[in-house]
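Notebook open, structure loaded. I'm jotting down what I looked up, in the order I looked.

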Amino acid sequence: MAQTPKVSASTASESNLVEPVIVCTPIVQNDPMTVVVIGAGGTGARVVPPIAQMLRRQDRLVIIDHDTIEDRNLARQHFSERDIGQPKALVLAQRYRRPNLTPMALVTKITRENIVPVLQGLDYTGPRNSLAIIGCVDNNIARGAINTALSGPSFASLQVPSVAYIDVGNERRGGQVLMSLRGWPMTAVGIGSSPNGITKCSMNTLSDAMPQLCRPAAWMCDGCSANNDASATTCRSCGREPETCGNRIDMQTVMVNHMAAGMVINMLSWLTLGIPFTSAGAFFSTLNSIQPIRITGINRTNGHLLVDTQFAEA
């Protein structure tokens, strides 16, 4: 996914930009879609059931997670006592099978080095297949790995013409969901403008709107509660690797995961059903507040959608 230049409607030339209120209408495609859910914890396990209901006969669902189910997961995640000790991805793939859909489970940890080979290993059916990646990871390192891979030249080797990446992250009572696109067919017009025709649109919302989400951050160990520097790969006190705060019932509310999952499904439905949208994501809170991240313009030369960058930190 090519990095979108930071250009605002006020500084870009009028010849390349339409009005700052942009309405994007995806073109419904009958070709197969592969949906890959990365992360099967508090939010990931909640997005799988509605996705399994949404997908068509020709579509596929892949669930990727390296973790196994522990008793501490049961308080907030969609698992039961009989699932303890089993891989999360495998349990979900088996649970949500239906006559026309057999989800695939990959029990592996996604890294910057293996994400492209893992995606290359999927057998894409036909040259016009589209790919939607749902990132439900719990740390900035994994999020940065996915974003870097999709933005880099190696991703072109997949030969998938249309790619969407919906990233979701949350804390105790709020979070954000951000959608990036690469070559997705849609019409994109400004309010009051004439239709500009179908184009292949791209946007890198994660890199433009909140690049800080892709940088390593300080973290607290789930095991001993010790605080660790951003560069630490294991806990300085007990040696554990960083894990999800979703394992700690005091760190998040169950409702925030339901809200996060609902927003992901809403955005995926825009693409699959051709629902017009005007934002590239949103901040959400269980305190009944949602703040959209607006699409502010479109570069007619290359089809890049420009997004609100007021929340980006250098």
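For me, contact means heavy atoms within 4.5 Å. Helices (H or I, at least four residues) and strands (E, at least two) are DSSP runs, numbered from the N terminus. The buried residues in α2 (residues 88–95) are Lys88, Ala89, Val91, Leu92 and Ala93. I call a residue buried under 20% relative accessible area, exposed over 50%, and partly exposed in between (1.4 Å probe, protein chains only).

Ground rules: this is a predicted model, where local features need pLDDT of at least 70 and side-chain atom pairs count only at pLDDT 80 or more, while totals for chains, interfaces and linings use all residues. Residues are numbered from 1 along each chain as its sequence is written, and side-chain values use heavy atoms, with hydrogens and water left out.

Next I checked Asn100, in the loop between α2 and β4. Asn100 counts as partly exposed because its relative accessibility is 34%. Its side chain makes a polar contact of 3.2 Å with that of Arg57. The cut-off there is a pair of N or O atoms within 3.5 Å; within protein, one must be able to donate a hydrogen and the other to accept it, and residues adjacent in sequence count only if both atoms are side-chain atoms. I also looked at Gln58: it is 42 residues from Asn100 along the chain, yet their C-alpha atoms are separated by 8.3 Å.

Then I moved to β6 (residues 162–170), where nine of nine residues are buried. In a regular strand the side chains alternate between the two faces of the sheet. Here Ser162, Ala164, Ile166, Val168 and Asn170 point one way, Val163, Tyr165, Asp167 and Gly169 the other, and all are buried.

Who are the neighbours of β6? Strand β5 (residues 130–135) runs parallel to β6, joined by six bridges; I count two strands as paired if DSSP finds at least two bridges between them. Gly135 sits opposite Asp167. β7 (residues 174–190) pairs with β6 in the antiparallel sense over eight bridges, and Tyr165 faces Ser180 there. β6 and β7 make a hairpin with three residues between them.

Last stop was Arg143, which lies in helix α4. Buried or exposed, this Arg143? It counts as buried, because its relative accessibility is 4%. Leaving out residues up to four places away in sequence, Arg143 touches Val137, Tyr165, Asp167, Val168, Gly169, Leu206, Leu213 and Cys214.
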